[in-house]
Amino acid sequence: MPFERQPTNNDSGKTESPSHSNLLSEFGSGVSHKLAAPFKGAIQIVTNDSDTPAQKASEALASQSKAHLAGEFVGSATLFIAATAMLRRAPLPGSLAPILAGGLIGAVEPLKQGENNQDRIVHGLNGAAAIAIMENLPKALSKTGLVATEKSLSAALISGMTVGAATEQATSFIQTGHAADLDRTAIAAAGFGLTNMAFHGVGLAINKGVSNFGERSKFADKATLTAITKDRQTIAEEGGARGWHLVCGSGGSKAGLTSTGVILACRAAELKLDTIGGVSGGAIPAAMAAAELPSHKLIDLAKATDFSGLLDKKKLLTPFIKERKPIDLLQDGMYGSSKLGELTDAHVKEWPTKFWTMAVGDHSEMMFTKNGVMEYTREGSRNLVSNKPAQLGDAVRASCAIPGVLESVTLVGRRLFDGALGKFGKCPTAMVTSHYGVPSENIIASLPVGAMSTLNKSLYLFAKYLSGNLEKEHRGVMETAGIVIRPEVNSFHSMKFLLNANQKDEAILAGYRSAIEQFAKAKLISGDKLKAASAAGESMSALEAYFKPEPVSPFINNPHLLRLTARPGLSQVNLALEAK
């Protein structure tokens with residue numbers, strides 16, 4: 001028999017049967033041979049080449065093994081399922097997907113010696129016809145009464161055997177001009193039939209399994225679009241006048257303080273902010289503002305926060321000495337950030353509807369919103385990772401995790417770093433345009449400048465390298481925002497965390513003044529309101545006075561107090577008489 005493995009002779013003249021390990025190896029070889037076939041065929045199309053006599057002889061020798069042949073059947077089925085699943089997502093009738101898959105696989109099948117690219121048309125038609133038979137024969141069999149139902153195991157077996165026999169005969173005739181012998185045809189029929197029945201029997205029948213696989217892919221896409229739609233509906237439901245989208249960029253302590261000033265300016269100009277988000281140091285005040293923290297409390301928090309006290313210096317050598325734990329500066333960093341997360345969670349109890357932040361992984365950017373976590377891959381695809389929001393403090397920590405400085409944060413199964421290191425840049429306005437679907441002219445960008453030494457720039461590039469984000473940034477912030485605010489602070493750089501009161505005041509006022517200036521140019525604030533807002537930026541005391549909350553009269557809550565205190569000398573008797 002052509003497929004019968006011939007026994008081998010050892011030195012003693014005895015025959016040896018193939019071992020189990022050899023059979024598994026041959027089976028694996030058959031699977032990998034079929035999985036690699038489309039790539040090999042694609043290369044042949046480009047090079048206009050076909051198998052050499054040596055390759056043909058090698059394949060003929062391998063085909064003598066039944067285990068190899070069985071592996072090829074499994075490899076072919078796997079290819080078919082994958083191809084059909086992808087085609088089911090295309091805008092075409094579902095019944096055509098498996099037939100087209102069979103045709104495409106046949107068309108890229110590696111050519112044998114003596115064949116040319118015109119023969120690919122025949123191979124493609126052969127593959128499409130084979131799948132068409134496998135798809136429709138069970139229906140015909142059930143109508144004739146030969147099988148109980150088209151979904152039965154017997155229908156799957158018969159249709160598979162028919163396709164196997166027909167394919168073998170057609171292939172043999174195309175390649176040799178002669179029909180295949182009966183033994184080879186029988187083995188091909190049995191192989192296809194049993195494979196088809198096996199897939200069907202375990203709930204992965206070729207048609208059903210591919211359909212389910214494709215539907216699961218569609219479901220994942222639908223879930224992703226649903227999550228994005230929810231975020232966009234959050235904006236639409238606000239209604240009213242055109243809203244703005246504030247993006248607070250990176251810059252460590254400088255970004256946190258200047259962004260606070262920009263947020264206060266937005267409130268002074270009475271701008272409607274549909275979303276408020278940020279990365280790195282800008283994420284902290286953005287979260288507070290999105291939670292509607294009162295302006296005077298924003299100022300108090302910015303002035304009172306000891307940024308250096310939010311960082312826990314790590315003893316990197318202690319774990320190595322005591323536990324022989326390797327030092328991983330990229331993973332652990334020189335400082336811990338748990339206190340930063342605790343600060344955020346203490347002031348914001350749940351994820352604010354308008355707030356977003358982002359962090360970067362090894363191969364993607366993670367967008368955190370009220371409606372879940374979205375992954376934007378380097379290839380441009382979007383995947384819904386979670387339909388629930390992350391812990392706010394952890395998301396802010398992840399967005400601030402400078403490689404080598406602050407410890408990385410693992411969320412949704414991914415190790416994450418500073419959100420400013422990805423392709424969307426230090427102020428990711430393009431991410432807002434992409435995720436929320438808003439025009440760039442509706443975006444306000446805040447990104448501080450000044451005191452950026454060559455060392456700071458080098459550290460930023462080194463951090464990008466450590467996090468694996470080496471690609472060029474998307475586009476400049478000037479191109480992706482309607483209003484760009486660049487507060488200048490020269491008394492300290494971004495990585496300085498121990499600041500005095502004057503330095504904090506300078507940064508907050510710089511953010512406020514720069515924002516008011518840009519809002520005035522855009523005619524978002526004018527007249528007496530502009531004069532009052534500009535005057536508030538002259539000093540920190542003036543700013544605090546401008547945003548100082550108005551005292552609430554106790555009589556508003558209890559009007560009876562006014563009646564009792566208006567005439568303090570009035571006796572209870574007189575009150576009783578007045579009541580009468």
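**Group meeting: a helix pair and an enclosed helix**

Hi everyone, let's start in helix α16, where T429, A430, M431, V432, H435 and Y436 are buried, meaning under 20% relative accessible area with a 1.4 Å probe, protein chains only. This is a predicted model, in which local features need pLDDT of at least 70, side-chain atom pairs count only at pLDDT 80 or more, and totals for chains, interfaces and linings use all residues. Residues are numbered from 1 along each chain as its sequence is written, and side-chain values use heavy atoms, leaving out hydrogens and water.

Back to α16, residues 429-436: 6 of its 8 residues are buried, so this helix is largely enclosed by the rest of the structure.

Of the 580 residues in the chain, 44% are buried.

Now for the helix pair. How do α14 and α15 cross? The axes of α14 (residues 338-347) and α15 (residues 392-399) come within 8 Å and cross at roughly 135°, with axes being lines fitted to C-alpha atoms over the stretch in contact and angles running from 0 to 180 degrees between N-to-C directions. That makes α14 oblique to α15, the class left after under 35 degrees (roughly parallel), over 145 (roughly antiparallel) and 65 to 115 (roughly perpendicular). On the α14 side, the contact (heavy atoms within 4.5 Å) is made by S338, L340, G341, T344 and D345; α15 brings L392, G393, V396 and R397. Thanks, everyone!

Conventions. Buried means under 20% relative accessible area, exposed over 50%, partly exposed in between (1.4 Å probe, protein chains only). Helices (H or I, at least four residues) and strands (E, at least two) are DSSP runs, numbered from the N terminus.
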